[in-house]
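Biologist: Please take me through this model. I want the cut-off behind each word you use.

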Amino acid sequence: MVRRYPVVGLALGLGLAWHALPAAADPITSRDYAIELYEGIAIGDAAQTGMGGAGAASVSGSAGALANPAAPAIRRTTDNDGWSWDYHFDVRTGKYSSDYDNNGVTVDDTSGASLVTAGLALRFGKWAGAVTFTAQTAPVAGSSPALDAATVRGKLVLARFIERADLAIGVGIQTVRFDLTPTMDGAPSLFAITGAGGLAGATWLPRDESFRVGLAFESAIIGGNVETAACDPTSCQGYILPATIESPSRTIAGIAYRLADTAWNHQVPTKFRDEQSLTIAADLVVTSTSTNGNGLEAFGMQQLQPSGRNLSVSVRGGAEWELAPGRLRLRGGSYWEPGRFEGVSGRIHGTLGFELRALEFELWGLRRGKLGATIDVASRYRNLGLSIGFWH
């Protein structure tokens, strides 16, 4: 497919020949088209990715804001202070994929996408906010002149916990910037397009129960006003540039349940909740259609490959087992990546991960650091990730 680079999957495989594209691909003859930015793979921190991409109801803090704007307002069950903060930093590589975007074109493992996500969340009483960034870069192999694609997605959310209803709600905005640049040193950007949209979400966590339910919505983003250095958009270094980018709307519904000696949604007086537990989570992700979206790889070969003409539905699920309380967590899961291109079927992913307590230190109170790793595999797809953050 083509669409995932926004912060998800850029173009990867592309060092192919013209005949490698599906017969449905047509040459670009005008600017009346868009490049689609679609998130079909699991994106998030080590916890969410390791659990098959499920996290709308279970992941909180800055990493949780990637899936649900209400997440920053969900106070950790060990957080009894008037204010608190949280952060995450994760890096991933899909270098070993031969068809990262599942566009139906297989290449060798010489091109790959790199992804970085980071965020910071602050909570004051029942109010909280978070800012997150996800950036992905990849060479557009087969393009001439050779191009590098980059997508940066930023989210700013404000959330509040309504105690009488045991409900966290959040709203926010997100911006997406897509940029194509020749690989030659010092070469100006071929073009860049920026767009923005809205976010909303809620999580219900009934007091003294062990389950949570989450719901989140991201509006569609259609960006225009192509920014280009000094060339005609109808003939820019041999390319006819798109008029817009399209990031389709997305709705996520999630549920999570925790098995342990004590109820999940119950504040405890200790700084850390060191007990054996098993958390099970599942998400349903529905992505809307794209009216004029096309794949990036095809653009690199000056052709159109329609993307997102049908609704996409993904089921995601996984589990987290705190095997050694306060020291080690293991994760596993699976999810369905829908086919986004005509004639290209979806594929099943399997995920594994772990989280290891790394150290303990004082920083506005006692803190524990963590190191995590994940792997996400599917047909023609391999993605490895590393994560650092606080152990909660």
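Modeller: The chain has 3 helices and 20 strands. Helices (H or I, at least four residues) and strands (E, at least two) are DSSP runs, numbered from the N terminus. This is a predicted model, where local features need pLDDT of at least 70, side-chain atom pairs count only at pLDDT 80 or more, and totals for chains, interfaces and linings use all residues. Residues are numbered from 1 along each chain as its sequence is written, and side-chain values use heavy atoms, leaving out hydrogens and water.

Biologist: What makes C231 and C236 a disulfide?

Modeller: A disulfide is a pair of cysteine sulfur atoms within 2.5 Å. The sulfur atoms of C231 and C236 are 1.9 Å apart, so the pair qualifies. A search of the whole structure finds 1 disulfide. The angle about the S-S bond is -70°, and the link is left-handed.

Biologist: Why is C231 called partly exposed, and why does C236 count as buried?

Modeller: Buried means under 20% relative accessible area, exposed over 50%, and partly exposed in between (1.4 Å probe, protein chains only). C231 has 26%, so it is partly exposed. C236 has 1%, so it is buried. Of the 392 residues of the chain, 55% count as buried.

Biologist: How do you know that A71 is buried?

Modeller: The relative accessible area of A71 is 0%, which is under 20%, so A71 is buried. A71 sits in the loop between α2 (61–64) and β3 (83–93).

Biologist: Which residues does A71 touch, not counting those up to four places away in sequence?

Modeller: A71 touches V59, S60, G61, G64 and A65. Contact means heavy atoms within 4.5 Å. As for I169, 98 residues from A71 along the chain, the two C-alpha atoms are separated by 8.1 Å.

Biologist: What share of contacts in the chain joins residues at least 24 apart?

Modeller: The share is 70%, among contacts between residues at least 6 apart in sequence.
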